[in-house]
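Please keep the sequence and the model in view while reading.

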Amino acid sequence: MKRWIDILLDLFLAVVGLALLWVFAQIFLFTSFHIPSDSMEPELIEGDAILIWKPALGARLFNLNATLRLEQVEIHRTPGFQKVKRNDVLVFNFPHPNNWDRIEMHILKYYVKRCIGLPGDTLSIKNGRFRVEGIDEALGNIKSQQKIGQTLPEEFPDGVYRCFPYDSIIGWNIQNFGPLYIPKTGDRLPMNPKNYQLYHKLISWEQKTKLEYKDSTVFLNGKPIKDYCFQKNYYFMAGDKGENSQDSRYWGVLPEEYIVGKAAFIWKSVDPYTGKFRWERFFKTIH
C-alpha cells in the first residue's frame, strides 16, 4: 500500500512540476498566436499558428486576474536582449478593444502587425508608401503600398480611405499621411490644436484622466498646459496587406507596454476551409 501511495505522490508532484514549468514558459519564454485574417498576407496567412518569443523584448508582468475583469493595470517588463526594429512582426494587445477614442488593455484581444515606426521617428505616407525621415530602408510590403498609391480615392471601399486622426483640417488619408512624430519617453511637445488632435488619447491614457481643448487652450486636470512631456514609448504598426488592415493608420500609435513579443516562426499551418495541414509553411521563419 505504501508503495502505491509513493507512486501516486511522485506522479502528482511530476504533474504539478510540469504545470508550473508550463506556466513559467508561457509567462517568460513563449506563447502561440493564431492568425485570424488576411491582413498580414503574404507573410502570414489565415490559419497560420505562430510562436511569439518573449525574451527578445522581455516578458511582461501584470495582474492577470484584474485584466480578466477588464480592469486597467500597470504593466512591467523584464529586461530583454533585443530592441524592437523597423519591419519586426509583433503581436500586441489591441489598444482600442471597446472604443477608438480611448486606449485600454484587454488581455484577450490580440493583433499581429509589422512595426513601421519607432519612438522618435517622424513618419509619413506619400502616394501610399511609408517614409521615415532620415531612413532609406524599405518599410512594410512595398507591393501593397504601390497598389494603394495607384488606386483612385473613390475606388476604395467605404471606411478605408480616410484615417487617423479623422480631422477635416488635418485631412490625412492612407495615400497621403503625416508627417506624424512618434513620441518617445521624455519628449516634450507643444500643445497646439494639431498636437491635441494627434496625441490627446496618449496623454489621457498616461495621466489616467481626460484632456480637454477649449478656447484655443489645452487643459489637463482642469489646468491649462502649453506643452506635455511623454512618459512612454510608442510605435507605428501596419499590416502587410495595407488595403485591408486595421492598423496605426486608423487608430494611432501603439504603447510599448501592449507589445507581447516578436513573432519568431510559424509552427503550424492549417487551411481554415479544408482543415488540411499546409506542411510547406511549418517552421517557416517570419521576416
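Two strands are said to pair if DSSP finds at least two bridges between them, and helices (H or I, at least four residues) and strands (E, at least two) are DSSP runs, numbered from the N terminus. This is a predicted model, in which local features need pLDDT of at least 70 and side-chain atom pairs count only at pLDDT 80 or more, while totals for chains, interfaces and linings use all residues. Residues are numbered from 1 along each chain as its sequence is written, and side-chain values use heavy atoms, with hydrogens and water left out.

**Overall composition and strand pairing**

The secondary structure of the chain comes to five helices and 18 strands. Of the 287 residues in the chain, 46% are buried, where buried means under 20% relative accessible area, exposed means over 50%, and partly exposed lies in between (1.4 Å probe, protein chains only). A contact is counted when heavy atoms lie within 4.5 Å, and among the contacts in the chain with a separation of 6 or more, 62% are between residues 24 or more positions apart.

Strand β17 (residues 259–269) is joined by six bridges to strand β2 (residues 48–53), and the two run antiparallel; here W53 stands opposite K262 of β17. Finally, two bridges join β17 to the antiparallel strand β18 (residues 284–285), where T285 is the bridge partner of F265.

**Nonpolar cores**

A nonpolar core is a set of buried Ala, Val, Leu, Ile, Met, Phe, Trp, Tyr and Cys residues joined through side-chain atoms within 4.5 Å. The largest such core has 54 residues, of which F177, Y199 and F236 touch the most other members, and its largest share, six residues, comes from helix α4 (residues 193–207). Apart from it lies another core, of 13 residues, including V89, A263, I266 and I286. Not counting residues up to four places away in sequence, F236 touches residues that include R114, C115, I116, F177 and V253.

**Helix α3**

Which residues of α3 are buried? In this helix (residues 142–150), they are S144, Q145 and I148. They lie on the same side of α3 because they cover an arc of only 100° around the axis, the arc being that of the directions from the helix axis to the C-beta atoms. These buried residues pack against β8 (129–132) and α5 (248–251), whereas the face turned away from the buried side carries the exposed residues K143 and Q150. At the start of α3, a side-chain oxygen of N141 reaches to within 3.3 Å of the backbone nitrogen of K143.

**Individual residues**

R114 is found in strand β6 (residues 110–117) and counts as buried, with a relative accessible area of 7%. Its side chain reaches the backbone oxygen of N87 at 2.8 Å, and a polar contact of 2.8 Å joins the side chains of R114 and D240. A polar contact is a pair of N or O atoms within 3.5 Å; within protein, one must be able to donate a hydrogen and the other to accept it, and residues adjacent in sequence count only if both atoms are side-chain atoms. Leaving aside neighbours within four places in sequence, the contacts of R114 include M40, E43, D88, V89 and H287.

E46 is found in the loop between β1 (30–34) and β2. E46 and Y273 are 227 residues apart in sequence, yet 9.8 Å apart in space, C-alpha to C-alpha, and a polar contact of 3.3 Å joins their side chains.

V132 is found in strand β8, and its C-alpha atom is separated by 6.4 Å from that of D121, 11 residues apart along the chain.

The structure holds zero disulfides, a disulfide being a pair of cysteine sulfur atoms within 2.5 Å. Relative accessibilities for two cysteines and two of the residues above are set out here.

| Residue | Relative accessible area | Class |
|---|---|---|
| C115 | 0% | buried |
| V132 | 5% | buried |
| E46 | 26% | partly exposed |
| C229 | 28% | partly exposed |
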